[in-house]
Each structure stands twice: as structure tokens, then as C-alpha cells.
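Please read them with the structure open.

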Amino acid sequence: MNAIVKWGLGVAVLGGGGAAAWYYLSESTVGETMAFRTADVVRDHFVNKVQATGTLEPQELVDVGAQVTGEIKEFGVDLAGKRVDYGSEVKAGQLLARIDDTIVELDIKRAEASVAQAKAQILTAKANISQAEVNKKKADRDLDRAKKLGVGDALSQMDYDQYLTQAENAAASLESAQAQLANAEAQLQSANAMLESELRNRDYTRITTPVDGTIVVRQVNVGQTVVSNMSATTLFLVARDLRKMQIWASVNEADIAKVHAGQEVRYTVDALPNESFTGVVNKIRPNATMSSNVVTYIVEVDIENPDRKLLPYMSANANFIVKEVKDCLMVPDVAFEFRPSRELIDPSARKGARPEPPPALPLPGEDDAADAPAGDKPVADEQPADGERAVVWVQKGDKVAPVEVMRGESDGTRSIVTPLPGFSLEEGDKLVTGLRSVSAVAAGKGGKQGGLFGMNGPKRRQRGAGGVAPKPGQNTVERRGGPPM
């Protein structure tokens, strides 16, 4: 008995569950219909571009440094008469800063003393030369007399040799005095060079700008000690002309082949989001950099900044214009992927259309061109040369009609299209991109809603006032509110 009861309960449960499932499935499927997903044909400007980010840089940046060691004593003044600082306008040769020149002045005095000493040595050498010349002349005369007398009773061999030795010593003394003069003259040249160097160092204590421009960076303060090492210490960075600047943009190696010198570049900066600017590619630097296994190249873009609204080191969002076509028909790329069934094709365009024929596209009139309506036959020898042949489907009520086009370049989401001869495609036409399921209720068709086993469920009774006429202002429509607040 217990087994029979258990089996009965199980059958009841399964039956109730199946009925409930049927009920809910019938609620969701009754009255469903298929509708088209569509997209509009638009007329727009097509732009194929390479996007990159970069930094605004002065076209020419001059590094002003110090070649001597010392303390910064004072700054110069700019064209406005103010102390030199960030953004100051300066002219070539204008004083930017002065370094303490006390040590340099002492070095100059030592160099001047060395010059005077070298000059004195020259005078001494010249006097020695004069004395040596006199001695040599006397020795030469004595030797001449000895030669005339000859060695004999009047002149012994020893005396003759002595005269000869004196003449040779006098000649050697003259040559030595001349060498001393040459050495003194060389020392004078060295002393003069040292003096010029120290004078030049004194000039180096005056830091001046070599070009007209704007001070972009000031790296020192008054009282700071500048130490000159193997390389000159940078004190100021001067931009020659901020009305002409550059963008240093990093372009991925996958896109660098699309970039070339003279190419138009359109860019924006974060500081002026509502304004767009243009520039021209100057050159591509051949040295690449790699970061996280990504190779990039620096592209220099020349830009104009007549109003000087753009400042150095701003971030720029650059678009390198690869190709631009104005006022062209464009359709979404997804429209080329739609393949209708034969029942969805408009009967007037059905002849010769082959739905779902991968990889070939349905080309109406291709097989039965003789049966196609007049004026709808494509002319193959008049196709545009650029692009590839394709088909899109235009909605006509609850049917679709094919339009054969030449598909051009794509920007990733939309493609340029040109209708082939014999076909028409206008701005605003609805292109079918797919199908979607729509219930009859959602579609406004009033489909029949059945309850369990095809019966309509009971209607919910409207809440009233319990048989009593409602009071003025009382709402008799049931409202489901949230929990009381």
C-alpha cells in the first residue's frame, strides 16, 4: 500500500512540474516573430589614420651651461626689465647670471706676471746674444792672426790651439744665447695663452644666452655654487622660438610603414580639448626603442604655434592621416556578413540570388540575367577599380533586396561603398545586419496568451472598497508598493 502511495505522489509531482514548465514556456513563446536588425547608410567623411601619443617639444632647445666653478652672485634682467626667471624673453648676448670671479681675477694676475717674466727673459736672452756676438768676433780675429803667423818660432802649437778653442767657445756661446732667446719667446707665448685663458674664464663667469628665445628651465639660484666637472653644468634651457614647435610621437612598429615625411597630422592636447591642430611629419628617427616587447619609433612632427597657446612638454594625441575621402557613403562592416534565407528575399530580386553561398556572395541577376528586370542588370565592365565586390541587403517591408556595391577601405567599423551600375543606395537606407526574435506582445501584435493547458488564467480582481463606494480621492486601482518607510 505504501509503495502505491509513493508511486502516486511521484507521478503527481512530475505531472505538476511538467504542466508548470509547459505553462511558462508557452507564456514566452506564444506569438513570437522574427524582426530585422538594421543600420542606416550614412554619408560622412572617411578618415584612415594612425593614432599615437607624444610630447610637445621646442623645435630648438639651447643648453646654457657654466665652464667655471664658483658661486652664483646675481641674475641678469630680461627684456621686460625683470629678473631672469622661467618664461623670460631674452636676446642673444644678454646676461643671465654672474658667477663670483675672485679666483679668476687672481689667476689673471698670475698669468700677467708670467707674461712679464717671459718678456724679461727675452730681454736677457737678447743681451746675452749681443755679448756672445762680441766675444765671437774677438775670438775670430785672434784666430785669423794666429792662422797668418802659423805655428813656428813666433807662435807655438799650444797657443794656436788656444785661439782655435776660444773661437769655437765663442760660437757655442752665441748659439746658446740664441736658444735662450727662443726659449724665452716660447715662454712668452705660453704666458700669453694662459693670460687669454684666464681672461676667457672671466668672460665665462658672465652667463649669457647665445640665441634669442624663451627661458624654459632655470636650474640654479643665487648663492648656489656651480662646480664645473668634465662636462659643462647646465644652468638654463632656452627655447629659440616657441612659435615653432615639434611633437615627438611614439608610433608602433606595426603602423610605422603608414607614416612618411610630409604627411598631415591632426592632434589635440588635454589643455585645449575643444580645439584641433594640424602639423606635418618632419622625419622618422631610425633608432627604435623597446618597452615590454613593444617596438616603437619616434616621429618628429613640425607644428605652428603663432599664438603660443601650446606650451612645451604638453601631451598630444596625434592622428597621422593615411587616407581621407570626403562626402562618401559608408555602411557598417557587419552589414556584409548578413546572409538571408531565400524566403526573406524580395520576389522581384529573387531570381539568380543564391542565399548562403559561401564563399561567393549572392549576386542577383548573375545566373538569370536575361530574366532580371530592365535596369537591374549589373554592368561588369564599368565597376570601379578600387575595392572588392560585395553585397548588402536593403530592407523592403518584411523582405530584403540585394544591392551590389564596391567595398572600399574600412576604418575598423565602417567601410566606404559605391553602388555598382544598375543598383541604387542612398543615405538613410536601412541595411539589414541580422535577425532577432520579438514576441507578439512586444511587437504590438496582440498575440494570444494562454494559461495552463491552453486556458487563460483568471484575471486579478481590482481591489475596491469592499462593496462600499470609494471615498473622494481614494484610488481603487491595486498598487504594489514597497515596504512601509
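1. Arg 218 has Phe 236 of E10 as its bridge partner. The two strands concerned, E8 (residues 213-218) and E10 (residues 233-239), pair in the antiparallel sense over four bridges. The model is a predicted one.

2. E8 and E10 belong to an open sheet of four strands, ordered E3-E10-E8-E5, with antiparallel pairing. Strands E3 (61-66) and E5 (89-90) are at the edges and have a single partner strand each, so one side of each lacks a neighbour in the sheet.

3. The count of aromatic pairs is two. Phe 75 is buried at 10% relative accessibility, and Phe 236 is buried at 0%.

4. Tyr 267 and Phe 277 are stacked, because their ring centres are 5.5 Å apart and their planes are at 25°. Tyr 267 is in strand E12 (residues 264-269) and Phe 277 in strand E13 (residues 272-284), so the pair ties together parts ten residues apart in sequence. Both residues are buried.

5. Ser 415 is located in strand E19 (residues 414-419) and is buried, with a relative accessible area of 0%. Its side chain makes a polar contact of 2.4 Å with the side chain of Asp 333. Beyond its neighbours within four places in sequence, Ser 415 has contacts including Phe 336 and Arg 407.

6. Arg 407 lies over the face of Phe 336, 4.1 Å from the ring centre. Arg 285 lies over the face of Trp 248, at 4.3 Å from the ring centre.

Terms used: Residues are numbered from 1 along each chain as its sequence is written. This is a predicted model: local features need pLDDT of at least 70, side-chain atom pairs count only at pLDDT 80 or more; totals for chains, interfaces and linings use all residues. Side-chain values use heavy atoms; hydrogens and water are left out. Two strands pair if DSSP finds at least two bridges between them. Buried means under 20% relative accessible area, exposed over 50%, partly exposed in between (1.4 Å probe, protein chains only). A polar contact is a pair of N or O atoms within 3.5 Å; within protein, one must be able to donate a hydrogen and the other to accept it, and residues adjacent in sequence count only if both atoms are side-chain atoms. Contact means heavy atoms within 4.5 Å. Rings of Phe, Tyr and Trp (its six-membered ring) pair if their centres lie within 6.5 Å; planes under 30 degrees apart count as stacked, over 60 as edge-to-face and the rest as tilted. A charge sits over a ring if NZ of Lys or CZ of Arg is within 6 Å of the ring centre and within 35 degrees of the ring normal.
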